[in-house]
Amino acid sequence: MHFSIPDTQELKNESGTTYKAFNLYVNGGLHCVVRYSQLHALNEQLKQECGMANIPPFPPKHFFSLKGIDLEDRKLKLEKYIQEVSQDSNLSSSESFVTFLCRAQQETQQEESIPVSFEVSLMNGSKLKVNINSTDKTDDVLENVMSVMGLSEELTYYFGLFLIKGDLDGNYSVVRKLQEFECPYISLKSLQDRRSYKVLVRKTYWDQSIDETVAKNHIGLNLLVVQAQSDVATGWTKCPDEAKQRLKRLYNKGSKLECLHLCQTLQNYGYLQFHPCLTDFPSQGSRAVISAGNYELKFRILSNNNETKEKAFLVTRIKCWKISSHINHGLKSSSEKSDNPLLQLNFEYLVSKGNLRWVSLLSDQAIVISMCIKSMVDELIRKRKGERIRKPADRDSTGVRPTYKPRDKTTEALFDATDVEIESTDISGIQKAKESVKKISEKLSSVSIMPKTSSSTEVQPPLNEISQDSTLATPVVSMTTGRSFEGIGDEDL
């Protein structure tokens, strides 16, 4: 997951008083607009649910409203805090964190909780409508969809809901996997040109051997075969003409398991493929099509004479990776114009023993590629620990029911009274606070305060276009960082 707070905006409360709020982006899109006090309340709830020792430092309170460089400093510290929380699996999966982000999304979009019909697509183009509440979380919607399909409950989280975008030619690209902390109905509704987007069911695991477990269930088998056939049709999975004819015969005979087994033998089975991008591998200005699957990133290098070369980067050799903004803004597009900003993904790779190399790529899908790396790493670690894929029964095992602190009274009506954190109106406490502020004011009146000086920080606009002639530049702002394994041993060579 990629969290950032690139800017702020000014809002008004119920009395007309203005205040600053922070624009919180998740995976490249605006998720919610929140106040410092709301994030402070989240921090307090995380302490109660997960223990103080596990919580990263939170920026301190100030008696007066912040402006200028002080506000910018708080924004950067809040961004660092939310990034560190999101990279801790215990914190990011906590009920406090998930509930906060869902409610903040609901509040930002001014969405009341009402019954709605929600459409989910399968890989073969067929559609399924389910009845949900507009504010249901992703896991609630997924469980509803799988229940309507008739899939065994224990296999629910072997699949996930993915946001995809189609074009006029019928092709589609994966925007992201919907996360537990968002409301799919609100996420889809808030998109511009949302008719181009769909929510799609795909499997979420990378280990091909898990197919055998899923295929024992006839609904699970159907989902796997539909996905495999779709990936062949789009060219994500490479399939010779002879194999295509055989697949067609097997499917027409109703031999779905044999159909699946044949697909498993094909190149790039189960991989996600991304838009062509710019990379510095094997040299600056190289163009490549990248696929993610089988615990690797596969680069298909495109040359001017239409020849291609392939290179696979194993995730077990990726020491760390990061997403960052870019310094070069004069780039021209060699592919379709994208709504997503171009970001630079850098990963440090163990080429050989003692030989680490940074590999960079520039893509409008950099965040999705980063999430794929993280997902593959998480799966490998889970397997090494002997842990199973979670089940619906594992949810809400803590019994925690977090409350939510609205931005101001103008949005309280969106929430159930039992879910809202009501601020204390203790008169004695308010009087003590006023006296404290008065004493500080008296002290400050006799002190000469010089304003802080600082060179202005230029905010670079996001990239929109890319060309083969462009070169990758040094990142300007590091936005998020991930690490796969603490150490890389000789067994990984």
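## Helix packing and local geometry in a predicted model

Val232 has a relative accessibility of 10% and therefore counts as buried, since that class takes in residues under 20%.

### Val232 and helix α8

Val232 belongs to helix α8, which covers residues 218-234. When neighbours within four places in sequence are left aside, the contacts of Val232 are with Thr237, Cys239, Lys244, Leu247 and Leu266.

Sorted by class, the contact of α8 with α10 holds eight nonpolar residues, two polar ones and one charged one.

### Helices α1 and α4

A second pair is made up of helix α1, residues 36-50, and helix α4, residues 95-108, whose axes lie 9 Å apart at an angle of about 155°. Because angles over 145 degrees fall in that class, α1 is roughly antiparallel to α4. The crossing of α1 and α4 is right-handed. Helix α1 contributes Gln38, Leu39, Leu42, Gln45, Leu46 and Glu49 to the contact, while α4 contributes Glu95, Ser96, Phe97, Phe100 and Glu107. The contact of α1 with α4 comprises five nonpolar, three polar and three charged residues.

Which residues does Val85 touch, leaving aside its neighbours within four places in sequence? The partners of Val85 are Leu46, Pro56, Leu91, Ser92 and Phe97, and among them Leu46 and Phe97 also take part in the contact between α1 and α4. Val85 itself lies in helix α2, residues 68-86, and counts as buried because its relative accessibility is 0%. Between Val85 and Phe3 there are 9.8 Å in space, from C-alpha to C-alpha, although the two are 82 residues apart in sequence.

### The chain as a whole

The protein chain that holds these elements has twelve helices and 17 strands. It contains 493 residues, of which 48% count as buried, and it exposes about 25,700 Å², with carbon and sulfur atoms supplying 48% of that area. Among contacts between residues at least 6 apart in sequence, 64% join residues that are at least 24 apart.

### Backbone details and a strand residue

Most residues other than glycine have a negative phi, and most peptide bonds are trans. Against that background, the peptide bond from Phe281 to Pro282 is cis, with omega near 0°. Pro282 is placed in the loop between β10, residues 277-279, and β11, residues 286-293.

Further along, the loop between β11 and β12, residues 296-302, holds Asn294, and Tyr295 lies in the loop between β11 and β12 as well. Asn294 is not a glycine, yet has a positive phi of about 50°, and Tyr295, likewise not a glycine, has a positive phi of about 60°. Are these residues buried or exposed, or partly so? Asn294 counts as partly exposed because its relative accessibility is 46%, whereas Tyr295, at 14%, counts as buried.

Strand β2, residues 18-26, includes Thr18, which is partly exposed with a relative accessible area of 40%. Apart from neighbours within four places in sequence, Thr18 is in contact with Glu10, Leu11 and Lys12.

The table sets out the accessibility of the residues discussed above.

| Residue | Relative accessibility | Class |
|---|---|---|
| Val85 | 0% | buried |
| Val232 | 10% | buried |
| Tyr295 | 14% | buried |
| Thr18 | 40% | partly exposed |
| Asn294 | 46% | partly exposed |

Note on methods
Residues numbered from 1 in each chain as written. Predicted model: local features only at pLDDT ≥ 70, side-chain atom pairs only at ≥ 80, totals over all residues. Heavy atoms only, no water. Axes fitted to C-alpha atoms, helices over the stretch in contact; angles between N-to-C directions. Helix = DSSP H or I, 4+ residues; strand = E, 2+ residues; numbered from the N terminus. Parallel < 35°, antiparallel > 145°, perpendicular 65-115°, else oblique. Left-handed = near helix turned anticlockwise from the far one by under 90°. Contact = heavy atoms within 4.5 Å. Nonpolar A, V, L, I, M, F, W, Y, C, P; charged D, E, K, R; others polar. Buried < 20%, exposed > 50% of the residue type's maximum accessible area, 1.4 Å probe, protein only. Areas by Shrake-Rupley, 256 points an atom, 1.4 Å probe, with all protein chains shown as cover.
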